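Have the sequence and the coordinates side by side.

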Amino acid sequence: MIRFSRLLARLRHSPEPQRLAGLSTGTQGGEALYEFRTYQIRPDQSSAFLKLTNEKIHLRTAHSELIGYWNVEYGAINQVLHIWKYDSFGHRAAVRAALAQDERWIAEYISKAMPMLMCQDNHVAVLLPWSRISSPPHQGGVFELASFRTRVGAASVLSASLQDAVASRDSCGPSHLIGAFQSDIGQMDTVYALRWFKSADERRLVENEAKAGRGLSLVESRKTKVMFPCSFSPLK
């Protein structure tokens with residue numbers, strides 16, 4: 001965990017964008033990258049943090065594409081999750097370098113938001129070959145991020161099973177797959193499913209009715225978070 005005072009100092013004195021962008025060349029095959037960022041907010045600062053982010057998020061989205069921004073309701077407390085899309089690691093490095101030089105972003109958001117946070121975490125994933133980012137059938141409802149950690153090298157087998165299972169569940173109506181991902185940096189051998197449900201109760205019914213797929217025997221652990229989209233989230 002990085003102390004936020006040190007992080008702020010690093011942002012203020014970050015090297016020029018061209019130098020940072022040259023540190024990486026992107027993923028093999030030109031796959032888009034999706035960075036999952038998780039912030040743990042101080043309990044007494046949750047409302048203030050969300051209000052500030054709502055007012056200043058446009059300063060951040062001017063630099064790269066925001067997929068979604070959620071407030072976690074179940075599975076964690078005082079936590080937000082947001083997903084950002086990049087063309088490559090080089091693209092992300094250039095964006096981060098540009099943000100470090102954006103005086104408005106630093107003064108109006110970073111300097112105020114950092115003291116409100118307890119810690120930050122991130123990991124990078126790519127879409128599974130058969131998956132695409134899609135929007136929910138309508139606004140409202142809840143989102144679930146489910147992570148499946150498999151045995152070493154077994155994520156591709158689970159991917160095929162997940163494709164069949166999601167097609168079966170989504171055809172029933174109460175749920176909708178937003179995107180399915182596989183880890184690239186962070187917790188390896190992990191598959192992520194981001195889904196939308198009409199309600200938290202509908203999600204529970206779907207889970208209770210689901211049958212174990214052939215790949216689920218390869219899963220070593222599973223974790224879920226149920227989330228509500230923030231007002232400024234592109235995905236709602």
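Does glycine 141 count as buried, partly exposed or exposed? Keep in mind that this is a predicted model. The relative accessibility of glycine 141 is 22%, so the residue counts as partly exposed. The cut-off for buried is under 20%. Glycine 141 sits in the loop that links β4 (117-127) to β5 (142-150). Now look across from that loop. Lysine 198 is 57 residues away in sequence, yet the two C-alpha atoms are 4.4 Å apart. Beyond its neighbours within four places in sequence, glycine 141 touches Trp196, Phe197, Lys198, Phe228 and Pro229.

Step back for the overall picture. The protein has 236 residues, and 46% of them count as buried. Its secondary structure consists of seven helices and eight strands. Take the contacts with a separation of 6 or more: 81% of them join residues 24 or more positions apart. The accessible surface is about 12100 Å². Carbon and sulfur atoms hold 50% of that surface.

Next, go to strand β8 (residues 219-229), where valine 226 is found. Valine 226 has 6% relative accessibility and therefore counts as buried. What does it touch, apart from neighbours within four places in sequence? The list is Val72, Glu73, Tyr74, Val142, Phe143, Glu144 and Arg203. Of these, take glutamate 144. It is 82 residues from valine 226 along the chain, but their C-alpha atoms are separated by 4.4 Å.

Now turn to the helices. Helix α3 (residues 46-61) and helix α5 (residues 103-113) have axes that come within 10 Å of each other. The crossing angle is roughly 155°. Angles over 145 degrees count as roughly antiparallel, and α3 and α5 are therefore roughly antiparallel to each other. The crossing of α3 past α5 is left-handed. On the α3 side, the contact is made by Phe49, Leu52, Thr53, Lys56, His58, Leu59 and Arg60. On the α5 side, Arg104, Trp105, Glu108, Tyr109, Lys112 and Ala113 take part. What kinds of residue make up this contact? Six are nonpolar, two polar and five charged.

Stay in this region for aspartate 102. It lies in the loop between α4 (89-100) and α5. Its relative accessibility is 18%, so aspartate 102 counts as buried. Leaving out neighbours within four places in sequence, aspartate 102 contacts Leu59 and His63. Leu59 also belongs to the α3 side of the helix contact. Histidine 63 and aspartate 102 are 39 residues apart in sequence, and their C-alpha atoms are 9.9 Å apart.

Asparagine 78 has phi near 55°, a positive value in a residue other than glycine. It is located in the loop between β2 (65-74) and β3 (79-86). With 21% relative accessibility, asparagine 78 counts as partly exposed. Aspartate 189 is not a glycine either, and its phi is positive at about 55°. Where does aspartate 189 lie? Its place is the loop between β6 (175-185) and β7 (190-197). Aspartate 189 has 22% relative accessibility, so it counts as partly exposed.

Technical notes
Residues are numbered from 1 along each chain as its sequence is written. This is a predicted model: local features need pLDDT of at least 70, side-chain atom pairs count only at pLDDT 80 or more; totals for chains, interfaces and linings use all residues. Side-chain values use heavy atoms; hydrogens and water are left out. Axes are lines fitted to C-alpha atoms, for helices over the stretch in contact, and angles run from 0 to 180 degrees between N-to-C directions. Helices (H or I, at least four residues) and strands (E, at least two) are DSSP runs, numbered from the N terminus. Angles under 35 degrees count as roughly parallel, over 145 as roughly antiparallel, 65 to 115 as roughly perpendicular and the rest as oblique. A crossing is left-handed if the near helix is turned anticlockwise from the far one by less than a right angle, and right-handed if clockwise. Contact means heavy atoms within 4.5 Å. Ala, Val, Leu, Ile, Met, Phe, Trp, Tyr, Cys and Pro count as nonpolar, Asp, Glu, Lys and Arg as charged, and the others, Gly among them, as polar. Buried means under 20% relative accessible area, exposed over 50%, partly exposed in between (1.4 Å probe, protein chains only). Accessible areas come from the Shrake-Rupley method with a 1.4 Å probe; for residues, only the protein chains shown count as cover.
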